[in-house]
2 protein chains.
Amino acid sequence: MKNLDETPRSERNTENNCQEEENQLETSHNKSPLLSDSWKPYQRPQWLLKLRCCLGAVCGMEWYGYAALGILTGFLSFLMDLSVSKLLRAHQWLYMKLEGHSLLQFLCWTLYPSCICVVGSSFSHSICPFSTGSGIPEVRAMLAGFEMPHYLSVTNLFTKYVGLICTLAAGSTIFLGKVGPFVHLSTMVGAYLSKLCSLDKAAGEMMVVAAAVGVASCFGAPVSGVLFSVEVMSSHFAVKHYVPCFFSTACGALTFHLFSVWSGDGETLQVLFKTNFPTALPFYPLEIVLFALLGLLCGAVSCCYLFCHRWILQYTMKQLLTSLLDGRQWTSESHNASVQVDPKPWLEWSSSGSSVYMTLTFFLLMKMWMLVLACTLPVPAGCFMPVFVYGAALGRLFGEGGAYVLSGLTSGQQWASINPGGYALAGAAAFSGAVTHTLSPALLAIELTGQFSHAVPALIATVLANARSRSGHRPSFYDAISISKRLPHLPSLKKACPWLPSTPVGQVLGAKAVQLQKTAGLVEVQHAVNSCTETQIPVVDSHGVQIFNSIMIIVLLQAHSILSLVGTQALFVTDSGRLVGLITWPEMKRILEDLAKEI
Amino acid sequence: MKNLDETPRSERNTENNCQEEENQLETSHNKSPLLSDSWKPYQRPQWLLKLRCCLGAVCGMEWYGYAALGILTGFLSFLMDLSVSKLLRAHQWLYMKLEGHSLLQFLCWTLYPSCICVVGSSFSHSICPFSTGSGIPEVRAMLAGFEMPHYLSVTNLFTKYVGLICTLAAGSTIFLGKVGPFVHLSTMVGAYLSKLCSLDKAAGEMMVVAAAVGVASCFGAPVSGVLFSVEVMSSHFAVKHYVPCFFSTACGALTFHLFSVWSGDGETLQVLFKTNFPTALPFYPLEIVLFALLGLLCGAVSCCYLFCHRWILQYTMKQLLTSLLDGRQWTSESHNASVQVDPKPWLEWSSSGSSVYMTLTFFLLMKMWMLVLACTLPVPAGCFMPVFVYGAALGRLFGEGGAYVLSGLTSGQQWASINPGGYALAGAAAFSGAVTHTLSPALLAIELTGQFSHAVPALIATVLANARSRSGHRPSFYDAISISKRLPHLPSLKKACPWLPSTPVGQVLGAKAVQLQKTAGLVEVQHAVNSCTETQIPVVDSHGVQIFNSIMIIVLLQAHSILSLVGTQALFVTDSGRLVGLITWPEMKRILEDLAKEI
């Protein structure tokens, strides 16, 4: 065993690093890969460099960055909750003060949240329009290697934070959540920190960590935060990111909880939603069947929800009104639908063979809470928590119903103590998991309530709901947004175009690739060099050229995996041992952007 | 948005699959990639094929495989626990019956476990010697793509199962665990099932799932099972394996718990280790500092433990005796150690500058419980649980000590209700996490006790213990076994040889690679084809040849990542856009095996 104890070597490295970092600090001001606006840190004094060297001797500077990221995001989350609760209390106080004046009370009840919402919306729109919406699809595209500098600017951070406070303060009426925007906020904090500490090398890792910290700081739930980001953000997870993620989320959750304790919310670190489930007998073993049924139900309802969501993303209000105000009768049109004429707007209302009456009724039913959900409002807001609450309501209904039916059947003897709260927990996990195509909400529901007794039922319900909702390659909530916003995110594109995995890379690489034949003369070389903007030109064998358009051993998806995982700049595509093409990272990005535009 | 609703297509696929699978079933008997022994399933009757088609119409056959894997492993785990408890009860019954006969009682107390241990050991040794030890390092090497067919045979499954029951039944005295061997057992069940259901395509995925199910079924802890396998098994985790893993572990945990309920162990699904922590105030916020200190302590102790473990793996008993019985005086030798003579055995006793007395004292202290740990016994047994228990004891000591000191300092007013049980929980998580270089024991400790209140302290202690134990690229417990057994596992090799990441692939690829120059004549082509056993020969440009031995753009690790992730058969190595070499999967395996032998 050679050189197992390498302490001297690592000490030497620390000294060298110190010197290198000082040099790096001097030059890092000129580079601005993440922040596009003109903000620049001030020239650092000498003592700061010395402090940096001392800190760097204990552990890598990036670890201080991760800790700072967790602490800052946890603090921001606590401050947001505090502001929102103050604003809500002010609303209630005003309402109470106006007792006796019914009209004023009515105006207070309706105008206060509307005004806050309008303030938030106009603030976002005027300062930074990129700050609206959830942000998760954009963060995902950035993690996949696409640069979107406006989404990481400090202006955006500030606008999104204030806008989100306004949205949440009007939350009792417009029913919007905090998770998605907080992931985006946390990513912006991460980008700012990696700029501030000159951690350019660790900027990519910082973004992965920031995505996890966002969810964790939202609720003080460290484990499910990491798992949610693993599931939503990428198709492969490098295990080396595991420890930074957990370290930073633990810091974030701890900060969030400690500030809550110090602000007088409780004596010690507590779960966010206290429950009083019976501990002796949380549920009967056979209730597992009911939990499984609930999972399937949630999966089915989530399919309806996702269908409506995808569908609403395609229309504007104007298109909807145009089709609804159309003068012709829909039924007669759909009867002879076999006559293929030019596409009419109302044909969407009778898709997949059902009558327009049913579709309309269904639309009205769904629209009711779709309006309530208000996810199309131009304010910074997420949809995870509303979906979570909706699932909890669904589970509660199921649980209450089940308890009623079973107590009637068995004369109330054995099943008297069925706990509908457990079904609400499992329903929340299953429905939000099915909508986002993830399993981590099962753990989140447990972390939020502290009810570990229901871990297995919640997991089973979530797995079954996922099975139902993923069948037939349907896109998830975030996938649908990615597709509608034309973001070049490969897993979403894969769901929108199921033919993608079997597309040979040659088809999208196409005729644009400049190659040189082995037997090429000087003139051809000159021509190739002139016509090509790349710094590398592949030289292929004359046989290679013949094979070029046939099946290749790499398909598009594999090429993307290799490029994004290994960070190689160029990749040679071969068939039967022959070089048949070259694919570079900028080219891969262009292909994905083209694909996203095509859909 | 093209073709979002692809139901007709997927239906068509199902029909085609049915036909394909029937054909595949007929031919699959001839291939035997996983099971090397002569066992073959009987010729399937027609109704079985029909049933298979019906099942395949609901969801893919691999999902039935995952469910069966979970259920079978959960049942095996329950059956093992039952057998072990019966054997332990028989021991106690015999001891009670012999009351009054002190000598017989003494013999019963000592001989009974010894006999069981001997039976297990000789059984393992005579039937299948591969069944001894933990099995996790071997499973890890198999997951990395190396074929070790003897480790997956049905004979091994049977031998390991019986051997493990014997080990655990003698467990009160020899202190060995169940986790590692159960991961191996689960992998064997998975390999058997994928053979039985002709799931050759999903065999790789089945192994990933099986590794997770092994941990989950051991304790009925589904979430930490998946996380442990993610952390220990590979360096990259594909998110598409997430749902199969959780589905199978949920089945396994449910089976394990339900059988426990039906056997009369309790009224409903319960945590394995019941606790009675106070719910109102689980811990004071400032105790976080103590938990962090405990984490650092556990990390430091784990470094000692891992050092001893690595060291004991290098020596046989004979070598130890030789050095201990050496006639020369050690102190005088170590005083003029600067004179470089031939390596002497006792110099290992005074490595890293400390005196031999200290090292000896340290060795004796550690040896005491190293003997108790008995991880070198040739029986199927794991070391995770003993380490977990050791950590719990360490945490308990720390907690009790802290409570005593603090109650003395503050006159017992505020700190009277400190709960040392919480420290035991955090200590168990931190120590086992530090020894195995993982974070999932934090979640495991919570899943085993159901105490979610301690999630944040346990996570913080585990992260800090990991930080301490990973510093300086020290190998983990499993890494040390991989290195000592010369298993070609790249992440372990990386820890044993820190120079590996900077090794250019050309250095290990070396002169053996046959290439053809662009200007080669017919004779040279003939010669190259004759001298090369590969089916592919790279053709290189004359400039390429000159660059061949200089720095290349891929280093060894990246090449391995690409090959193992994408499953490509051959990879061209390029520098500055020129083809400079070819590396194939068999070649990569050979390189790793050579490296493992070299260490």
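In this predicted model, residues 1–41 of chain A keep a pLDDT under 50, pLDDT being the predictor's confidence in each residue on a scale from 0 to 100. For this stretch the model has 51 contacts beyond four places in sequence, where two residues are in contact if their C-beta atoms, placed from the backbone, lie within 7 Å. Residues 533–554 of chain A also have a pLDDT below 50, with 56 contacts in the model beyond near neighbours in sequence. Chain A averages a pLDDT of 70, and 58% of its residues score at least 70. For the complex, the predictor gives an ipTM of 0.72 and a pTM of 0.73.

Residues are numbered from 1 along each chain as its sequence is written, while chains are lettered from A and ligands numbered from 1 in the order in which they are written. Since the model is predicted, local features need a pLDDT of at least 70 and side-chain atom pairs count only at pLDDT 80 or more, whereas totals for chains, interfaces and linings use all residues.

Chain A contains 26 helices and five strands. Of its 599 residues, 43% are buried; a residue is buried if 20 or more other C-beta atoms, placed from the backbone, lie within 10 Å of its own, exposed if 12 or fewer, and partly exposed in between. Of the contacts in chain A between residues at least 6 apart in sequence, 77% join residues at least 24 apart.

An unreviewed UniProt entry lists "transmembrane region" for residues 63–82, 103–123, 208–230, 242–263, 283–308 and 356–379 of chain A; such annotations, given in the numbering used here and with shortened feature names, may be inferred rather than shown by experiment. Two of these spans can be set beside the model. Residues 103–123 of chain A are 100% helix and 0% strand, with end C-alpha atoms 29 Å apart. Residues 208–230 of chain A are 91% helix and 0% strand, and here the end C-alpha atoms lie 9 Å apart.

The largest nonpolar core has 246 residues, and those with the most contacts inside it are A:Phe431, A:Ala461, B:Phe431 and B:Ala461. Such a core is a set of buried Ala, Val, Leu, Ile, Met, Phe, Trp, Tyr and Cys residues joined through C-beta atoms within 7 Å. Leaving out residues up to four places away in sequence, B:Ala461 touches B:Phe291, B:Ala292, B:Leu294, B:Gly295, B:Cys298, B:Ala426, B:Ala429 and B:Ala430.

Helix packing can be followed in chain B. Helix α3 (residues 61–97) and helix α11 (residues 242–262) of chain B pack at an angle of about 35° with their axes 7 Å apart; axes are lines fitted to C-alpha atoms, for helices over the stretch in contact, and angles run from 0 to 180 degrees between N-to-C directions. Residues making this contact include B:Gly70 and B:Gly74 of α3(B) and B:Gly252 and B:Phe256 of α11(B).

Helix α5 (residues 136–143) of chain B is largely enclosed by the rest of the structure, because eight of its eight residues are buried. Its buried residues are covered by elements including α8 (179–196), α9 (203–219), α10 (222–233) and α20 (477–484) of chain B. Just after α5(B), B:Gly145 takes a positive phi of about 110°.

B:Pro181 lies in helix α8 of chain B and is buried, with 30 other C-beta atoms within 10 Å. The C-alpha atoms of B:Pro181 and B:Ser134 are separated by 4.8 Å, although the two residues are 47 apart along the chain. Beyond four places in sequence, B:Pro181 is in contact with B:Ser134, B:Gly135, B:Lys160, B:Leu164, B:Pro380, B:Ala381 and B:Gly382.

B:Cys108, in helix α4 (residues 102–127) of chain B, is partly exposed, with 18 other C-beta atoms within 10 Å. Apart from residues up to four places away, B:Cys108 touches B:Leu94, B:Tyr95 and B:Leu98.

Finally, A:His437 has a positive phi of about 60° although it is not a glycine. A:His437 sits in the loop between α17 (420–436) and α18 (440–449) of chain A and counts as buried, with 22 C-beta neighbours inside 10 Å. In chain B, B:His437 has a positive phi near 60°.

Note on methods
Helix = DSSP H or I, 4+ residues; strand = E, 2+ residues; numbered from the N terminus.
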